[in-house]
Amino acid sequence: MTLPAGSTIGIIGGGQLGRMLGMAAAKLGYRTVVLEPQADCPAAATCGAQVIAPYDDADALRDLATRADVVTYEFENVPVEAARALEKSVPIYPPPAALDVAQDRLAEKDFLNRAGLSTASYRAVDGDADLAAALEAFGGDGVLKTRRLGYDGKGQRVFRGAGSHDVEGVFAAMGGVPLILEGLVQFEREISVIAARGQDGALVAYDPAENVHREGILRTSTVPATISAETAAAARESAFAILSALDYVGVIGVEFFVPGDGSLLVNEIAPRVHNSGHWTEAACHVSQFEQHIRAVAGLPLGDPSRHSDCVMENLIGDEVLAAPTLAAERNLVLHLYGKAESRPGRKMGHFTRITPRNR
Ligand code: AMP
């Protein structure tokens with residue numbers, strides 16, 4: 001069903017992604033109400049109303065369900081129980097099943113492999129002995145991650161080199177929580193695909209972006225990526241397979257490792273708009289944010305094609321001080337998140353340099 005203009009979209013999470021969703025919703029004639037515990041959150045400036053409460057507050061969720069005609073979210077750690085409770089009184093997109101998969105790296109990899117996609121090798125680790133056995137199985141190399149609540153490289157530890165590692169106490173040092181050991185992938189590059197599925201099952205995908213991370217945080221996304229047409233098509237098809245398997249509605253971000261031997265490994269999926277898709281607001285007629293709003297509102301999906309080549313760069317911490325200089329540059333689209341305080345590692349904004357489309 002298409003939401004009539006003037007309807008209200010509820011957004012769980014009030015960070016910069018919620019802020020940009022609020023802008024896109026307004027552009028299409030919708031109102032927004034955001035659920036976020038922090039009062040002066042980035043999304044407060046662009047969403048019409050805010051419910052100030054924790055994401056799992058039952059009264060607040062009821063309030064959101066009453067005020068919204070449809071609900072979506074901007075981060076994947078929305079409590080699944082809260083999403084399922086909400087679903088009883090208001091449509092919620094993407095479906096809570098996507099949260100289930102994306103919140104646990106083990107469930108995510110099981111799901112991806114079941115869907116016929118390749119990932120790094122992996123083993124569940126629930127103690128030091130598991131870790132020793134898994135490292136041995138992987139020849140000494142691996143990336144140890146918390147199964148839940150890890151993002152931007154947080155909660156990770158890399159092991160390199162053959163021979164046995166001293167793993168005593170590692171499980172406790174990682175917080176004593178369920179872990180996963182992934183094989184250390186020797187990749188040539190990292191790419192991501194932003195794709196969307198509409199309520200009618202229509203599928204669209206943006207061109208893959210080539211991403212560079214530092215200390216686990218995305219620094220740049222370059223489009224087009226330096227990959228073959230076959231790899232680009234395989235990445236797009238993988239994203240479509242994931243969307244269909246989840247009976248998904250909305251935008252998804254799928255990150256891949258490109259080992260360079262013709263294979264493609266899915267690293268992780270984000271059931272939401274994604275940082276590596278920010279370039280779409282500068283280089284496409286329909287951004288990922290508008291695409292997501294179209295999907296959750298039941299509108300036809302928009303054209304994902306790209307009119308320009310581009311490089312998106314995040315402004316992290318004090319890098320935001322360069323904003324006035326960047327603002328003077330031609331063919332540069334600047335976006336600031338309105339965060340009062342800059343802290344190391346905090347995403348403060350991003351900019352996209354666009355050049356005429358070359359290929
Ligand atoms: P993640 O939080 O899982 O997306 O990891 C953050 C970054 O760490 C990735 O974008 C990669 O650059 C690197 N990384 C994560 N997992 C692996 C892996 N299994 N092998 C090699 N590098 C990895």
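Which order do the four strands of the open sheet have? I worked from a predicted model, in which local features need pLDDT of at least 70 and side-chain atom pairs count only at pLDDT 80 or more, while totals for chains, interfaces and linings use all residues. Residues are numbered from 1 along each chain as its sequence is written, and side-chain values use heavy atoms, with hydrogens and water left out.

**Sheet.** I read the order as β3-β2-β1-β4, with parallel pairing (strands are DSSP E runs of at least two residues, helices H or I runs of at least four, numbered from the N terminus; pairing requires at least two DSSP bridges between two strands). I noted β3 (49-51) and β4 as the edge strands, each pairing on one side only. The twist averages 25° from one strand to the next (axes are lines fitted to C-alpha atoms, for helices over the stretch in contact, with angles from 0 to 180 degrees between N-to-C directions). I found four bridges between β1 and β4, and G10 opposite V71 in β4.

**Helices.** I saw α2 lying across β1, β2 (31-35), β3 and β4, at about 175° to β2. In α3 (residues 80-87) I listed V80, A82, A83 and L86 as buried (under 20% relative accessible area; exposed is over 50%, partly exposed in between; 1.4 Å probe, protein chains only). They lie on the same side of α3, because their arc is only 160° around the axis (taken from the directions from the helix axis to the C-beta atoms). These residues pack against β1 (8-12), α2 (58-67), β4 (70-73) and α4 (96-102) (contact means heavy atoms within 4.5 Å).
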